[in-house]
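Reader: I would like to go through this structure with a few questions. Please show it before we start.

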Amino acid sequence: MRIPVLAAVVLFVLSFLIDVYIYSDVRTATRKRGARLAYIVSTLLCWSLLVVIMCMPKRSEESDLLPVMWMLYTYLSIYMGKIGYVLCSLAGRLGSLFAKKKSYPSYRRKAPRRGSRICGVVVGGLLFLSMWWGVIYTRNHIEVVPIEVSSAQIPESFNGYRIVQISDLHVGTWGNDTSFISELVDSVNSLHPDLIVFTGDLVNRHTKEMVPFISELSRLKAPDGVLSILGNHDYGDYMNWKTPADRERNNKLMAIYQKKMGWDLLNNTRRFIVNGADSIVVIGVENVGDAPFPIYGDLEKALPSSKDSIFHQNDNRFKILLTHNPAHWEMEVADNTNIGLTLSGHTHAMQVETNLFGWRWSPAQFRYELWGGYFNRLNKQGRPVGLYVNIGAGEVGMPARLFRAYPEITLITLRHADK
């Protein structure tokens, strides 16, 4: 978790302007010194909280990220409420100016200001509560999203084959509390999948965050096992390691722990799922994505493009690619390969999603066009290829999920389609 200096300066300036504006309203609304003093003291405490957040170490091995996350979220939830108040208050000021131009009586000119303050308190309070509802309820409310994928390449023997995808657990955000992960595991197992896949970001910063959760994650069961890949957070890139050897040990430990859990970690390789005389192939690449995320993955190594190979990217076998960042699909996969289904995560929908009458929106769409859900198109050879982006089950940065950004389990059912 990184809080750049520029972002801190912007937060300070924004906070200062908001508080100066609200204090002017407080002075206008009441002559009681106690009310004014209370607002000044609470404001100074909020500013002090931001100073403490900035001064705390965040990338060293000894630092604990959880207090920083919770303090920052508390700060932001307070100021989100204040922003709601300011917007309502500004609307009231505009209403008063309009009333003044119309030469309304004094009491009618003041009415918009008084009403806007009341409205501001209500709106600000609702925004504050909605952010904490995202902590108390939304981030614990697991949602199973069923989808069906049809293709003539899917063998008839795999018709109805069930794959569960989970992604972006970020177990470090839960500290030592295993209750959510336990519930997630129970929910996955209750679906009785044939195969479970995990599409990266098991931890926040370092592999030792996994230790309290190894036992629970070991309970994930499917006849064809659990296949996994690494995400950008799983390489130790968000830590300041004392030596390169420490980082290397951290990364080796990731593979050891996953093996201990019974997971099959696919680092630029593939696995064949066999059913009788038929099979499909699951390809797993290390992290590939857009800047500033480092590229570790190698699709060519996982499955060659050369048609001289027995198995290659454009053969007629149904292929599923596990790649953490959906940007990889557009960069290399969608146009140039015959990979029928790609499964990704990474975006989290920025942990904020609304869904009104079937219209989904998330701030993640300003960064990723393909931020959540199922997408398909035809490749250069005119064959259908698809991408599913799971919005994740965990949190990073802020320990909350807002509105309808529920922790997701994706249940994928394969269907054989006639040509």
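Author: The model is a predicted one.

Reader: Is C119 buried, partly exposed or exposed?

Author: Buried means under 20% relative accessible area and exposed means over 50%, with partly exposed in between. C119 has 36% relative accessibility, so this cysteine counts as partly exposed.

Reader: Which residues of helix α2 are buried?

Author: Helix α2 covers residues 33–55 and reaches 33 Å from its first C-alpha to its last, close to the 33 Å expected. One of its buried residues is C46, with a relative accessible area of 9%. An α-helix has 3.6 residues a turn, so residues three or four places apart point the same way. The buried residues of α2 are Y39, T43, C46, L49, L50 and I53.

Reader: Which residues make the nonpolar surface patch of about 440 Å²?

Author: One member is V13, found in helix α1, residues 5–29. V13 has a relative accessible area of 46%, so it is partly exposed. The patch is made by V9, V13, F16, L17 and V20.

Reader: In the hairpin of β12 and β13, which residue takes a positive phi near 80°?

Author: Strands β12 (residues 373–378) and β13 (residues 384–389) pair in the antiparallel sense over six bridges. R377 has V385 as its bridge partner in β13. Five residues lie between the strands of this hairpin, and the one with the positive phi near 80° is G382.

Reader: A349 is not a glycine but has a positive phi; what is its relative accessible area?

Author: The phi of A349 is about 55°, and the residue is found in the loop between β9 (341–344) and β10. H192 also has a positive phi, of about 50°, but H192 counts as exposed, at 63% relative accessibility. A349 is buried, with a relative accessible area of 0%.

Reader: How many residues apart in sequence are the parts tied together by R404 and E143?

Author: Side chains of opposite charge can pair when their charged atoms come close. R404 and E143 form a salt bridge with an N to O distance of 3.5 Å. R404 lies in the loop between β14 and β15 and E143 in strand β1, so the parts tied together are apart in sequence by 261 residues.

Reader: Where does E330 lie, the residue that forms a salt bridge with R377?

Author: The closest N and O atoms of E330 and R377 are 3.3 Å apart. The pair links distant parts of the chain, 47 residues apart, with R377 in strand β12 and E330 in helix α9.

Definitions and conventions:
Residues are numbered from 1 along each chain as its sequence is written. This is a predicted model: local features need pLDDT of at least 70, side-chain atom pairs count only at pLDDT 80 or more; totals for chains, interfaces and linings use all residues. Side-chain values use heavy atoms; hydrogens and water are left out. Buried means under 20% relative accessible area, exposed over 50%, partly exposed in between (1.4 Å probe, protein chains only). Helices (H or I, at least four residues) and strands (E, at least two) are DSSP runs, numbered from the N terminus. The expected span of a helix is 1.5 Å times one less than its number of residues. Patches are made of residues with over 30% relative accessible area and no salt bridge: like charges are joined within 9 Å, nonpolar side chains (Val, Leu, Ile, Met, Phe, Trp, Tyr) within 5 Å. Accessible areas come from the Shrake-Rupley method with a 1.4 Å probe; for residues, only the protein chains shown count as cover. A salt bridge is a side-chain nitrogen of Lys or Arg within 4 Å of a carboxyl oxygen of Asp or Glu. Two strands pair if DSSP finds at least two bridges between them.
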